[in-house]
Amino acid sequence: MPFVKKRFIANKKQRAFLYLVRELGYTQKEAQRLIAKGRLLVNGVAITKAGTDIEGEFEFIYFEPITRGLALHVEEEKFVVFDKPSGVLIHPQNRNTPYSLIDELKYQFGRDANIAHRIDQETSGLVLCSKDKESERELKMMFEQRDMKKKYLALVHGEMKESISVEAPLLRAEDESAIVRMVVKVDERGKVSKTDIRPLKYFADKDMTLVECSPFTGRQHQIRVHLFHVKHSIVGDPIYGQSEENIIKFLDKELNKEDRIKNSGASRLLLHASELEFILDEKNYHIRSDVDFESVCFESM
């Protein structure tokens with residue numbers, strides 16, 4: 001379990017955050033944030049003020065990464081790239097999450113390594129990660145300034161004959177239907193969002209099209225919502241394009257594999273982060289996934 005609770009002893013009276021800094025190697029900011037989250041307990045009661053004095057025995061809940069041996073796809077001086085399998089979370093959802101990609105990264109490269117961006121749990125493919133705090137700032141800035149070019153592959157329902165550019169604003173808000181976790185929709189009040197979509201191959205027997213998607217903005221669920229908006233929802237999408245009844249079953253983990261395939265076409269979301277292209281320290285990087293996504297698609301049906 002990545003989050004563990006251990007007992008420690010402060011041999012002299014001192015401020016809680018200073019103990020974490022001096023004895024456990026956290027930065028002051030990290031120590032204050034962890035205490036504010038209730039991770040330090042005295043006599044079973046959480047202390048939430050970093051300046052509180054502690055002395056003697058206390059408990060501390062912290063993240064202890066584990067590994068499942070996920071191999072690196074690319075390693076450079078400042079960053080690494082994983083080719084993430086579908087089903088693996090980027091970050092833990094809560095303290096009981098057994099494993100996420102941040103486990104693997106920090107297990108292999110230490111506490112200061114971090115993930116530079118996010119993809120959905122069921123989306124597979126390339127995830128860029130920094131090795132230290134300085135490179136983390138550089139990589140995240142590229143995403144913020146849209147200097148990072150990304151390409152995704154998706155298998156969608158129906159035949160898409162021509163390339164299109166979808167410019168539909170996306171709003172993240174609670175849905176009126178009470179499915180509060182289905183939060184992203186096309187809405188004129190939303191943020192500007194753009195995705196270029198290019199058809200690659202049509203499978204007539206399935207009435208499905210393999211497409212390449214190039215998002216110019218990085219909104220939550222952007223590709224999924226834009227494809228749904230143009231009547232080509234992604235095969236295997238358990239949310240967009242599904243009935244309210246089936247969405248609720250999926251969110252409540254009551255939708256079995258057979259019914260999901262029947263409803264959406266596949267046992268997983270058939271979306272794959274296939275390429276990353278950027279310039280770092282005056283060097284051009286163009287990183288491609290090795291996954292045979294077409295084969296993955298048909299194995300998931």
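Helices (H or I, at least four residues) and strands (E, at least two) are taken here as DSSP runs, numbered from the N terminus. The model is predicted, so local features need pLDDT of at least 70 and side-chain atom pairs count only at pLDDT 80 or more, while totals for chains, interfaces and linings use all residues. Residues are numbered from 1 along each chain as its sequence is written, and side-chain values use heavy atoms, with hydrogens and water left out.

D281 sits in the loop between β15 (271–280) and β16 (283–288) and, though not a glycine, has a positive phi of about 50°.

On to the second largest pocket, which holds about 850 Å³ of space. Its lining has 24 residues, and E30, R33, L34, K106 and R111 come closest to the centre. Two or more lining residues come from each of α2 (28–36), β4 (53–63), α3 (101–109) and α4 (133–144); α2 gives the largest share, four residues. By type, the lining splits into ten charged, nine nonpolar and five polar residues. Here Asp, Glu, Lys and Arg count as charged, Ala, Val, Leu, Ile, Met, Phe, Trp, Tyr, Cys and Pro as nonpolar, and the others, Gly among them, as polar. A pocket is an open set of points on a 1 Å grid over the protein atoms alone, where a 1.4 Å probe fits, with protein on both sides within 12 Å along at least five of seven lines; lining residues have an atom within 4 Å of a point. Points are joined across faces, edges and corners, and the volume is the space filled by probe spheres set on them.
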